[in-house]
Amino acid sequence: MTEKHIPVFIEGQDDLVDILATAICSIAYNTTSQVDIYILDCGICHFNKKQLNSLKAKFSNLSLEFLPIDLRRFDGMKGWPPPKYQFVDCYARLLIPELKPELDKAIYLDSDIILMDDIKLLWEQDLCGYEIGLVADLGYQKVYYDNCTQKLGVSPDHIYANAGMFLIDCKQWREHKTTEKLLQIGRKNKNDLLVLNEDILSIYYNNNQYKLLDNRFNMTDLNCRIYNQKASGITDEYLSEEWKNVVVYHFCHGKPFKQITNSNHNKAIKYFDNFWFFARMTPFYDGMEKRFEQKMAETFMTYSKKETYRLFGILPLMTRHRKNKTVRYKLFGVIPVMNKNEK
């Protein structure tokens, strides 16, 4: 493997294959090096694989390989999301060094990301002898901190990291048999895990036994809470500089293929237009656009509906305006009469 080739692993399933394709386009578009994309195939049909492979004709620096994942490997692990906890494909990322034993180093990315700069900037980060490089999770709030420190045995001084991106020394990982150790931790602590991979990695790399990378390599638009939990270096001033140099952007609490506002702070989703710029490059764009339009129509009908009751079908007597879960009644459409909260 030459230095010019950058191996990037991304998990994929049929239900998010269009988002995966968008991420791949953003990587290839922004990167000058050859990018070898390894898709952790947790259930992608033949047709969708054919569509993904068509991206190679768009980008001369892109190769794709599908790595089938046997999900039985994760028997006994807690699934995701709550409340059913039935999906275990999120653990596929823990198998990366085993799946490609010829690689000494690799990048993992969640599919709901876009690259805003050359991925080589991440690839060239020095791990300084550590097995893994991670970015602090800005959304690490007290409920997770208490669970980690009181139930999972994590040090109060540990800086909790987001598992949606990591840079790994595959050689060390294999030598330390890290995959099996992480799976054992997951099974042992199954009932107390709240954020699966993040909690497992916190237990294993307890007390900051990993390389802390700059937030620009896994930037999220969250109200920063982690500085309250032993991460004093992550200040507003630090983050303002990181926003100027974003390399990997992670759509954690605002999915641009589902909504236009961030559910963490109800503001417009950052890089919304950038996501759709890359989505347009994929063979899935038409379907994505139609589903998004339908979602917006349903959201409008759910959250904002106005009805007018007319006397004799002519004179407007009462206006009923529903927004979110609040219904407001106005006499003659002007005089407030009553507000009612719906369950």
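**A buried threonine and its surroundings**

Tutor: Thr178 is buried, with a relative accessible area of 0%; buried means under 20% relative accessible area, exposed over 50% and partly exposed in between, with a 1.4 Å probe and protein chains only. This is a predicted model, in which local features need pLDDT of at least 70 and side-chain atom pairs count only at pLDDT 80 or more, while totals for chains, interfaces and linings use all residues. Residues are numbered from 1 along each chain as its sequence is written, and side-chain values use heavy atoms, with hydrogens and water left out.

Student: In which helix is Thr178 found?

Tutor: Thr178 belongs to helix α7, residues 178-188. Helices (H or I, at least four residues) and strands (E, at least two) are DSSP runs, numbered from the N terminus.

Student: And which residues does Thr178 touch?

Tutor: Not counting residues up to four places away in sequence, Thr178 touches Glu131, Trp173, Tyr204 and Tyr205. Contact here means heavy atoms within 4.5 Å.

Student: With which side chains does the side chain of Thr178 make a polar contact?

Tutor: One partner is the side chain of Tyr204, at 3.5 Å, and another is the side chain of Glu131, at 3.0 Å. A polar contact is a pair of N or O atoms within 3.5 Å; within protein, one must be able to donate a hydrogen and the other to accept it, and residues adjacent in sequence count only if both atoms are side-chain atoms.

Student: How many residues apart in sequence are Thr178 and Glu131?

Tutor: They are 47 residues apart in sequence, and their C-alpha atoms are 9.5 Å apart in space.

Student: Now the helix pair. At what angle do the axes of α7 and α8 cross?

Tutor: The axes of α7 and helix α8 (residues 196-204) cross at roughly 115 degrees and come within 9 Å. Axes are lines fitted to C-alpha atoms, for helices over the stretch in contact, and angles run from 0 to 180 degrees between N-to-C directions.

Student: How do α1 and α10 cross?

Tutor: Helix α1 (residues 17-30) and helix α10 (residues 272-279) have axes that come within 8 Å and cross at roughly 95 degrees. That makes α1 roughly perpendicular to α10. The contact involves Ile19, Thr22, Cys25, Ser26, Tyr29 and Asn30 of α1, with Phe275, Phe277, Phe278 and Ala279 of α10. Its residues divide into 7 nonpolar, 3 polar and no charged.

Student: Changing topic, where does Ser155 lie, and is it buried or exposed?

Tutor: Ser155 lies in the loop between α5 (142-150) and β7 (161-169). Ser155 is buried, with a relative accessible area of 16%. Its side chain makes a polar contact with the side chain of Asn207 (3.4 Å).

Student: What about the backbone: which residues does a cis peptide bond join?

Tutor: The cis peptide bond joins Trp80 and Pro81, with omega about 0 degrees. Pro81 is placed in the loop between β3 (62-68) and α3 (96-99). Most peptide bonds are trans, and most residues other than glycine have a negative phi. Asn208, however, has a phi near 65 degrees, and Tyr271 has a positive phi of about 60 degrees.

Student: Finally, how many helices and strands are in the protein?

Tutor: The protein has 11 helices and 13 strands. Of its 343 residues, 49% count as buried.

Key
Angles under 35 degrees count as roughly parallel, over 145 as roughly antiparallel, 65 to 115 as roughly perpendicular and the rest as oblique. Ala, Val, Leu, Ile, Met, Phe, Trp, Tyr, Cys and Pro count as nonpolar, Asp, Glu, Lys and Arg as charged, and the others, Gly among them, as polar.
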